[in-house]
Amino acid sequence: MKDRILFWLDTGLVYYGIAYFLNKQHDCELFSIVDNAQGKTKKFFKTQKLVPFKKTWHFYDYTGEIQDKPADMEYLSSVEKKYEINLWLIALNDRMFNEVNEYYKFSSDEILLILEQECRLFEKILDEIKPDFLLMPPTHQQHNHIFYQICKARGIHVLIGAQSRIGMRLLISDKMDKLRPLPPLSDFKDEELNFNPEEYLWNSNKKFRDKFVTGKKKLVRAASSYLLSDNSNVKTHYSYYGRNKTKVLFKTISYRLKHRMRESFMNKNLNRQVETESPFIYFPLTQEIERALFIGAPFYLNQFELIKNVVKSLPIGYNLVVKDHPQMKHRGWRSVSEMKKIMNIPNVELVHPLSDSVELIKKSSLVFTINGSTSIEAAIYQKPSIILEDTGHFELPSMYKVNSLNELPDAMKTCLHKKVNPKDVMRYVKSIEKNSIIFEDQEILLRYLNLFHDSGYLANKELPIEKVKSFLEEYKTNFDNFAAFHIKAIKKHLKNNKFSTTIAVK
């Protein structure tokens, strides 16, 4: 029997590229779900012949037709019980269905009807093809996270290419947001642990931040193309409801004006060096309207309230230094009013988002994060940390997880006296290295956006087949290696016939 592999294809071409090269190396049957609401991009997936998918479903063809009728509550209740899913928890933390959506406010009935359509589609697909494997990127919205959970509950092997948070290394994980025990010291030879872990730190996000949606000429070209485009998606795809051209144009202009005003305020009022002379705890905020917060930490969305709770937990003599995420640049930065509210909290110093995070870690006594990679960097720089959600892929003794904010005061006192064992950090880094592969995903994504989407300014553009093929061949080594990495994981799953949080395939 051939392996039946289902791909979840998102707006980029990474998983399409994996499918393209995996098909050349592995005898299998391929299927796909295309998660792309763009009409012109959709044309490519409708007509492409590079990857021999036996069947493809276009997600938005089956969802979002909001009819004037109630959802089948009995069916949705059965889905929750059958798959042990909390649908409201997932749905209300989706950027489409909560208050961050500035274009359309979905009613409860509309959300429930969309959830019903999605779940019926997912069950229909899985009943029809009965896949052995699902290959997908990390979930980022309610629909693909629900699909992931349904597949897991059905016993389908899910292989997710997840960032390791160590350099450009990706690993394959079959569980989102869960940690695996750190391998014991006996698993390593002395020479394996004789290295400087700082050498493994590499900030790929900075390159992405500096080059994503840049260039005035591309902006003008994208705006012109958008204003002359069809824009029929606002009627057929729920993720585009309310996005008429007038509203989009107005909000785009408003966004750019707010961005300048907020940046000016930060440059005038926020220091890039810590001013407090007291010992401090460092709290780097999580980027908002992103997976790490919305799906990864659904009960900690209000970071302003969280700052206040952390301050209440500080031991006497300590201050809290807060830094916003530099990627908030692409969200127009935080509002001036919220920055002022943070600055007015006693014992809190808000520093500039572009201040040096490494220096802040080194000068701090303790790092506090929701689930950010700063806690891993803190361990590398011999600083303990407190986390609210599982972070990384292996347990690090220096990361102290609290399950309730009531635990914070005692946790801080405990962690301020905790020493980081360098051997633990080295075991962590080596465990990541053994279970991962170098894949230049940020560079590939930037190249894709530059080639096909005017540096990220315009999503609804055609993907010429020859240009796509040339793009895949340009990164052949990356895709070939990553496809082979998946094949090893597939074979390991079939051999063991069981799940593991992180799959060692080397």
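Let's start with Asn478, which counts as buried because its relative accessibility is 11%, under the 20% cut-off for that label. Keep in mind as we go that this is a predicted model. Asn478 sits in helix H20, which covers residues 476-496. What does Asn478 touch, leaving aside residues up to four places away in sequence? Its contacts are Ile438, Phe439, Glu440 and Ile444.

From there, hop over to strand S8, residues 319-323, where 5 of the 5 residues are buried. Both of its faces are covered: Asn319, Val321 and Lys323 lie on one side, with Leu320 and Val322 on the other. S8 has strand partners too. It pairs with strand S7 (residues 280-284) in the parallel sense, over 5 bridges, and it is joined to strand S9 (residues 348-351) by 4 bridges, again running parallel. Leu320 is a handy residue to look for here: it is the bridge partner of Ile281, and it also has Val348 as its bridge partner in S9. To get from S8 to S9, the chain passes through helix H13 (residues 336-343), making a right-handed β-α-β crossover.

Now for some charges. Side chains of opposite charge can pair when their charged atoms come close. This structure holds 25 salt bridges. One of them brings together the side chains of Glu29 and Lys54, at 3.6 Å from N to O. Glu29 belongs to strand S2 (residues 28-34) and Lys54 to strand S3 (residues 53-58), so this pair links parts of the chain that are 25 residues apart. Lys54 counts as exposed because its relative accessibility is 54%.

Another salt bridge joins Glu462 and Lys43, with the closest N and O atoms 3.9 Å apart. Glu462 lies in the loop between helices H18 and H19, while Lys43 is in helix H2, so the pair ties together parts 419 residues apart in sequence. Both ends are partly exposed: Glu462 at 44% relative accessibility and Lys43 at 48%.

Helix H2 also holds Lys46, which forms a salt bridge with Asp61, again with 3.9 Å between the closest N and O atoms. Asp61 sits in the loop between S3 and helix H3, so here the parts tied together are 15 residues apart in sequence. Asp61 is partly exposed, at 42%. Elsewhere, Lys82, Glu123, Asp127 and Arg154 are linked in a network of salt bridges.

Which residues make the nonpolar patch of about 290 Å²? They are Leu249, Ile253 and Leu257. Leu249 is part of helix H10 (residues 245-269), and at 42% relative accessibility it counts as partly exposed.

How values were computed:
Residues are numbered from 1 along each chain as its sequence is written. This is a predicted model: local features need pLDDT of at least 70, side-chain atom pairs count only at pLDDT 80 or more; totals for chains, interfaces and linings use all residues. Side-chain values use heavy atoms; hydrogens and water are left out. Patches are made of residues with over 30% relative accessible area and no salt bridge: like charges are joined within 9 Å, nonpolar side chains (Val, Leu, Ile, Met, Phe, Trp, Tyr) within 5 Å. Accessible areas come from the Shrake-Rupley method with a 1.4 Å probe; for residues, only the protein chains shown count as cover. A salt bridge is a side-chain nitrogen of Lys or Arg within 4 Å of a carboxyl oxygen of Asp or Glu. Helices (H or I, at least four residues) and strands (E, at least two) are DSSP runs, numbered from the N terminus. Buried means under 20% relative accessible area, exposed over 50%, partly exposed in between (1.4 Å probe, protein chains only). Two strands pair if DSSP finds at least two bridges between them. A crossover is right-handed if, with the strands pointing away from the viewer, the path from the first strand over the helix to the second runs clockwise. Contact means heavy atoms within 4.5 Å.
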